[in-house]
Structures are given as C-alpha cells and as structure tokens.
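Subject: Structure handover

Hi,

Here is the structure I promised to pass on. Please open it first, then read the notes below.

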Amino acid sequence: MKKYLSLFFIALALIMASCNNDNDENYATMSSDMINRVTLVSTGSTGMYAATYQFYLDFANAKTNITVTTKFAAQMPEVTFMVKDLPLSASSSTGYTFTASSVTPVDASGTAVSGYTITNLSGQILDGVIKLQYTVNGTFQVQATSNKLAYTTANTTVTDTLDATKIYKNTEMKYGFILDAAKDSAALYLANAQFDANMPAQSGMTFPHLTVTPTATGYTITGNNIVPTISGVPFKSYLITNFLANLYYDSDKATISFECAGKKVEATGYLHAQ
Amino acid sequence: MNHNFPIFLSLKAVLTLIISIFGAASASAVTDLYQPADTAIRLRELSVIALKNGLDLTNQPISSTILGKSGIEHRKILTSRDASAMVPNLFIPEYGSRMTSAIFVRGLGSRMDMPAMGMNIDNIPILNKDNYDFDIIDINRIEVLRGPQSTLYGRNTMGGLINISTLSPLQYQGTRFLAEYASANSYRTAMSHYAKLSSTLGLGIMGYYRSTDGFFTNLYNGKKCDWEHLGSGRIKLQWQPSNDFSLSNVFFMSILHQGGYPYEYLATGEINYNDTCFYRRTSIMDGITAQWHKTNMTLTSITSFQYINDNMTMDQDFLPLSYFTLTQARKEYGFTQEFVVKSNADKDYHWVCGAYGFYKHYNMDAPVTFKDYGIEQLIEKHRNDANPDYPIKWDSREFLLGDNFRCPDYGAAVYHQSSYDVVRWTFSGGFRLDFEHSALNYHSSANTGFSIIDASTGGLFRHDDVNIDFPGHLSKSFFQFLPKVSALYHLSMPSPSNVYLSISKGYKSGGFNTQMFSDVLQERIMNLMGLAMKYDVDQIVSYKPEKCWTFEAGSHIECYDRRIQTDISAFYIRCTDQQLTVYPDGTTTGRITTNAGRTRSFGAELAMKIIPFDALEINVSYGYTNAKFTRFNNGKQDYAGNFIPYAPQNTIFAGANYTLPLSAKWASRIVISADVRAVGDMYWDEANTVKQSLYALPGASIAIEGNHYSLSLWGTNLSDTDYRSFYFVSIGNAFLQRGKPRQLGVTLRVNI
C-alpha cells in the first residue's frame, strides 16, 4: 500500500512531464486507471465501475483523442471506444481542458461504435489530476476520476475526546485514497500521520478494508474498528473507529473524520494546492 | 624620574627590611619584569599585526591586551587559554579534549565548528579551530585584539584575534632549557637553541614534551581519564640580507595523544563510562613571510600550509552503559596566501590593502557504533512502545552506522583601510569583500536488520533488512561586505593617550555540522520501521553565517611616565543569525548548530597595569558582558530575553609581581607573584536553568632568579575551588566538566 502514494506522485510527475508543452514534442500519450461513477438518468441510482482511459494529446493541432475501456451498468458488457479530435485548450500553465457537445465514438479501426453516442463531454487534466464527465446515449451520466485520489493539501484538526479544549492542528498530513470498484472497497494511505505534538510522526499509515459507496456528488467512504498498518505491520494501538470520508467530484475536495487512540481527527483536503 | 607613591613606601620599607637578611641591593634596580611588554613593539618584526594595525596597538582604536615575554614566562603561559585569564571578557574553558577549543568573547562564541576568534601563530592564520590548542614554547609576544577584526583579517574573527609571535633568532640568540614537575605526575621539558648562522641569517630550533597522568578518575576502570602526552617541535629560519628585504620560515609539528573527556554525570556526580575515549592529533604547519620595503610602501607575502591528522574516539553517552561510540578520523590540509601592501611614508594619509585566498579540504570517517543498550533503549523500546503487539528484535546487539565526509572549502578576499590624521584626530575607514564556497560530500551507510514478532503467537511475523546507502552533496556560498570606521583623538598628555569610537561589522562563516549525521541515519532507520524521519538533511546539517555589528568606545591612557597604563572600553553588539549549539529533542545525541535569530550584547572592559615603583607591577582586568537573545524561538520554546549560554557575565583578573633584588653571586632576585582569576556567572543552557556562579581561582609563585636561570615554586587554584568549567546534555542526560583542582609545581628555566 505504501507504494501507492509514491505512485501518485510518480504519476503526477509523468503526467506533468508529458503534458508539458515546453517540451519539444508536439504530442503526449498517457494511460490512467480510473473509476466511472455512473448515474442512471431515469432513476438517479449510481454505481461505480473500473475504467481505463488513454489520452493522446496533440498539442500541435490542439486536439485530443480519448480511448475508454469500461462498462456503464453491471449487466452491460465491457466496451472499448474512442472519441476523436476533441478540441484541446490550455487552461493554465499546468492544465488542459477538452470539450465536445456531441461525438460519435469509434473503434480502433475508426468505425463508429454502434449504439453509443457521447454528449456533453467535458474534462480537464490539471496538476496531474484527470477528471471528465459525459453522458452516454442520454442514459448514463458518467463522472470519471482516477482510482487513486491524493488530497495533498489538507488541514487536520485533532481534538482530545476526553478534553475538547485540547486541540492539535496539522497541515503536514496527506490523505490518499485508493478505490477498488470491483470490490466496493477503498484504502486510505495517510502520510505524515501525527495526532499529537508529542506523538512521533508516522511516515505512512494505511487504513485497509474501508467501504466505498458512490453518491450523487462523489463517493462516501466508511469504516469501523479498522486496524491500520505501518510498513505492513498492524498497529492495534491505533484502532480506527467511526471512519467517514466524503469525496466531492465538482470541488475536488474531501472531508474526512475518524477516531483513533482517544483522538477525534477531522480534516479537509484538496486535490489541488489552495 | 621615579614616582614613588606614598602608600607603597611603607610596604617597600618592610620588604626591604626582610630582604636585608639576604643582602638585598638597591631597591631602585630595574628588573626585566618592569620592561613593558610593548618594548617589543619598538623592534622591527614581521608580525602581521604590525603590518595591518601598526606597531603600537595602544595607539589604535582597538581593545587590545599585549603580553610580553617576561610576563608570559612568569605566568607559565603556553596556550591561548593560559593567556585568556588576563584578557577581559575572553573565556576559553577547559572542555573535553584539545580538539574542542571553545572560545567565548563578549557574548560571542561557539563550542564547535566555526570560531568567534581567529588565531595567528607566527603569521600563520590557523584555519581550523581544532588546531588552536597546543603548547607553544618561547613565546615572545601575545596580542589579543577584541572586537570584530573581520575587515583586515576576514572570516571567523568576529570576536577578535589572538596573535602569537615566537622568539626571533635574529633578535635573540642562546640556548634555553625548561624542566617542570607538578601535581598529577605532570612534567614538561623543552630545549631550544637560537643562533645567527651569519650576520643576516638566524635559525631557531625548539623541542618540547609534556606528560600528565591526569586529575580525574574514571570510576568504571579506576584509571585517570584526562592523561596526556604531547610532543612538539619548531624550526624558525629568518633571513634579512638587507634593510629592504626579510624572509622568515617557521615550521611547526606537534603530536598529541590524550584521554580527555572527564565528564561528570550530573545525576550521580561521577565520572563513570565504559567505552574507550581518546584524542590523537598530528599537526604540521609551515609559514613563509617575505617582506620588501620600498620607499613609500611595504609589500608582504604570507604563505602557509597546514595539515591535521586526528582521531577522536569517545563513548558518546559517557555512562557505564553500552549506548554507542563515535569515532572521527580526519585528514585535513589547507593553504593560505595573503599579500599585504602598506604605505610607509610618514604622511597624514596612510593606507593598507591586501588580498587573501585559502583552500582547505578534509576527508573524515565518522562511524557510530550502536551497542546493546543503545539498540534496546533508542530503537527497540521506542518502536515497541508504539506497537507492543508486534515488537521488534534487532538482529545483532551491535551494528555500525558508517559516515564518510569530504569537505572542500575555498575563499578569497580583498580589503583596504585608509587612515587620515587631522591635527589630533585620526579617522579610519576600511572594507573587505569576502567570498567563500564550502561543499560537503557525504556518504552514510548501514547494513543490519530486525525481526518483527507476533506477540500473540510468539512467532516471526516478518524480517526486515536495513540497508542504507545514502550519498549526497551539499554546497553553499557566502559573500560578505565587511566595513569598519573609526575616529581616534590623541589626548594632550605626556605619554601617548587617546579616546576612540569605532563601528565595525564581523562575520563568522557558515558551514556544515557533520556530527548530526548519526542522528539523521538513526532517524532513517526509524523511518524504515514506520516512524517518520524528523530531519531534512540540508536544514539540520547546514548553518548560515553569523554577522554582527559592534559599536565601541574606548580609551588608552598612559600617565606617570607610563607607570599607569589603562585601557577602558564599552561596547554594544547586535548579532543576527547567531550560531548556537543546541541539542535535538528526544533521546538523540550529538549537537547541532542552528542560527538563533538575534542577540544583543553590551558591556565594558577595564585593564590596568600599575608600576608604583620599579620592583612592583600590578595587573588588573575586569570585563562585564550582558548578552541575551532578542529573538530565538526553536519551535518549542521561546528564549527571547534569556542570557546566551556559555558567556560569562564577569571576568576578573588581579595579579601582582614583586621583585626583590639580591646581591648573591648565584642569585640576582626573588620574584613573588600572586594572582586571582574569577569567572561567572554564566548559564549553561538557553533556558537558563543551569548556572555556574562566579568562582575564583587564586594562584601564587615564588621564584629565585639568576642571570641565566629561574627556579620557581608555584601553585594554581590554591583554594582548591570546586567548580565546573563546562556543561552539556547527551541522550537527555546532563554532564559537567570538572575544573582542575589545586596544582603545585616547580619550574626550572635555564637560558645560556
């Protein structure tokens, strides 16, 4: 698990490098394991499904092609298609946006994929964080994010459960969620975990076996009586109770709370620097 | 014309009566003790001080203390520490080994790394403070300049400069012999010979040896721990083929082996540690001074080479427990080159300018060996308290943290100072542009491992290897502009006297604290077990330059035909980024140098030499320093308003020498000396929780002297005052260094 947080930052670096149009190269390609949160338009119910998105960014012509491999409902087969020639714009020195009001996906040979129409597509790659949303056939509203979400900017407040006046604040802790759509589970990797000024900071603490549920605004992650691990070694003395996190798609924000060793930890994190 | 003060006439009469039993001659005989130290100023020397500051320091806007040969020999001054007792506001405590020359002056100083005072020995600017402390025989003159000397002398002279000159074979010829025996089976012996090989070529050769069993016993093994063996030699060659050219070469070599570290554990009052401690050092220095005199200017070239090969090994915890040991084995060499050009013409305007460069490089191996108790307490316990369900057990009860450092350091500077005489005023202004680049190449390593046990079953959960290979490189550059201005007014008095004001900037260069690497490695090991590494290497190992501004007013007064010489000064110092040695939190050891923020220091100094009549000389000096932090918050505690540690608030010296002439063929005089040295109060820590109160150390000697010999009986700390000269904390434990007890000795000098 510990490797995943470092993978976050490796991925960010790769994305930044490949999207950096200060390079001499006029294009970049990237592939990302993501999760689709799919809302059925007719009922409002949500589900989540693993997905792979491959991007071809043509900086010379300001276009991008996106190849998607995913499913949109549990009973549907997995499908692979590509949306081509989406207009690509630089939104800042570290990001790009792309949009399409309506596009017909094609397969690898360029033939239109029967039965699929993509509308209201919009997305961005900003600071290495990818997200996009689109509607499939007017039936499924899809919001796609990486399955590894690193809230690297976070403000944490720790309150002693026995004495509410004892408060400790920390801005060094970072929260990384790894979502597994197949198992409806998640894990949290907590970097620089420190719940008290006198507590030795832990380089990394992992909360395994959390439950993730898609919602209308993002994801809810819960758990109780979780034994965290540090470098793969269980630490029963740090038993986690009443874990609740809400991840919001639109604002790229997360709220997290849990209790550990007589402390109540509450945090607000962001995918981007504030 | 003699001025015999009435108060002393009755004393003189009593003493004359006593001495009449021995057949005293006329009391008006001038002894060589009376020869003022600054008589040497009048001799033409190749001294760097004379070059840059002028022949007569008492005619300069500088606080200075000058010790001449006679006074140096009578007070058995062989080191800068010995001399410091007579210098107001200068404190060089006995601490650890000769490697740790901690110098504190006017609230400025440091226990380690960069010094606050520079030192020159026969024009060689000592590059490494670890080489400051060694015995020097046949010292001709010591000059201690207080206040920033950075404009003319550059780096690490923020608090001042100590200049030591040894006998010149062109000015002194003869054979000298020294034999001394004292308490603790301490003895010294020296022999030197100075001769003119021709009318223009002089050669001096000196050999010296010192040994002591030490004063303090390590209870663990019942042996003395502060023993020492020191041998040294010097060859001085001087050639002056004409009045226009002089060449001098001085070669020093010393070899030292000592136990050192008589550290008393505060909780028990015992010196008791189980691992080996020693310090070995071989030091070689060579300096060449060449001087050309032209009509209007003098050009001087000073070249030096310095080499140190030393090994410091010590029980880092200083307890009878096997925590860990440290070794620092180093080889360092350095070169300096300076060109000084000075105006000669006797005009109202005079100047000096110069260029200086240096290069030094050291290679140091500094392994730390973690031992059984250290592994148990500092690693296993720390980790297992956090996770008793899965405790760890280290693979072996001893392992090595390896460290190697290579540090190249070089710098260059140009400087200029102009002085202009207007009627009774002398106005001076100068500046120095100083550049330095320092780099540190480090390589830390460890190969060990531990097992994680499942406490519920007692079985192995997992085994983890600890393989650390941590190379890195740090470098820093420093550039400083160091100005100085002063105004001096020559008073209308029979003897040269003046008052002055000066403003100057001082600078202590930055660098890297290698002793912190064992802590960094320790934290890396803890990180491998899941505990966060607390330190950023660059942030903890590197420290910035320290700068200060000094505002000083003073006066040099001579009256009554120079029988009363008085130096007075008052100063105010503002220091930014002061380098302080602090201890990291928790159960780590070693020290770090941090930049404390801001400090301020003010005080005053008084030094007087009184010669009421020819046979009696009285020296007194007093220094007061009030040095406090104005801003220092280390993130856990705010020390603003606290006294700066290790800076004594008072330094006091009072001494008198009385010479009784004799008429015997075998003896020409008896010299009776008495003095008292006092230091304190001073705080040992930034929190000002531990203090050494003022303590006084009286001493005395009585010597019988003939034309070619001197035999003296002497004692130091005659009251056997129990005092502590230093304090520090290691692994959360406080230690003190005991001051030396009463010592008695006998010294024989023969000059042929």
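Start with a definition: two strands pair if DSSP finds at least two bridges between them. Strands (E, at least two residues) and helices (H or I, at least four) are DSSP runs, numbered from the N terminus.

Now some ground rules. This is a predicted model, so local features need pLDDT of at least 70, side-chain atom pairs count only at pLDDT 80 or more, and totals for chains, interfaces and linings use all residues. Residues are numbered from 1 along each chain as its sequence is written, chains are lettered from A and ligands numbered from 1 in the order in which they are written, and side-chain values use heavy atoms, leaving out hydrogens and water.

**Chain A: the barrel**

In chain A, 8 strands close into a barrel. Their order is β1-β2-β3-β4-β5-β6-β7-β8, with antiparallel pairing. On average, neighbouring strands of this sheet are turned by 25° against each other, direction ignored. (Axes here are lines fitted to C-alpha atoms, for helices over the stretch in contact, and angles run from 0 to 180 degrees between N-to-C directions.)

Look at one pairing. Strand β1 (residues 27-40) of chain A and strand β2 (residues 46-58) of chain A run antiparallel, joined by 13 bridges. Take A:N36: its bridge partner in β2(A) is A:Y49. In general, strands of a sheet pair through backbone hydrogen bonds.

Some terms first. Buried means under 20% relative accessible area, exposed means over 50%, and partly exposed is in between (1.4 Å probe, protein chains only).

How many residues of strand β1 (residues 63-68) of chain B are buried? The count is 6 of the 6, so the strand is largely enclosed by the rest of the structure. B:S63, B:T65 and B:L67 point one way. B:S64, B:I66 and B:G68 point the other way. β1(B) runs antiparallel to strand β7 (residues 139-146) of chain B, and 6 bridges join the two. In β7(B), B:I142 is the bridge partner of B:L67.

**Salt bridges**

A salt bridge is a side-chain nitrogen of Lys or Arg within 4 Å of a carboxyl oxygen of Asp or Glu. The whole structure has 40 of them over all chains.

- B:K52 and B:E338 meet at 2.5 Å, N to O. B:K52 is in helix α2 (residues 48-53) of chain B and B:E338 is in strand β19 (residues 324-343) of chain B, 286 residues apart. B:K52 and B:E338 are both buried.
- B:E228 and B:R98 meet at 2.8 Å, N to O. B:E228 lies in strand β14 (residues 228-242) of chain B and B:R98 in the loop between β2 (90-91) and β3 (103-105) of chain B, so the pair ties together parts that are 130 residues apart in sequence. B:E228 is buried, at 6% relative accessible area. B:R98 is buried too, at 7%.
- B:R176 bridges to B:D138, with the closest N and O atoms 2.8 Å apart. B:R176 is in strand β9 (residues 174-182) of chain B and B:D138 is in the loop between β6 and β7 of chain B, 38 residues apart. B:R176 counts as buried at 4% relative accessibility, and B:D138 does at 7%.

Salt bridges that share partners also build one network, with B:R98 and B:E228 among its members.

**Aromatic pairs**

Rings of Phe, Tyr and Trp (its six-membered ring) pair if their centres lie within 6.5 Å; planes under 30 degrees apart count as stacked, over 60 as edge-to-face and the rest as tilted. Over all chains, 57 aromatic pairs turn up. B:Y323 and B:F324 are edge-to-face, 6.5 Å centre to centre, with 85° between the planes. B:Y323 and B:F324 are both buried.

Why is the pair of B:F643 and B:Y683 stacked? The ring centres are 5.5 Å apart and the planes are at 15°, so the pair is stacked. B:F643 and B:Y683 are buried as well.

B:G680 and B:D681 are joined by a cis peptide bond, with omega about -20°. B:N123 is not a glycine, yet its phi is positive, near 75°. B:N123 is buried, with a relative accessible area of 7%. B:D561 also has a positive phi, about 55°, without being a glycine. B:D561 is partly exposed, at 46%.

Best wishes
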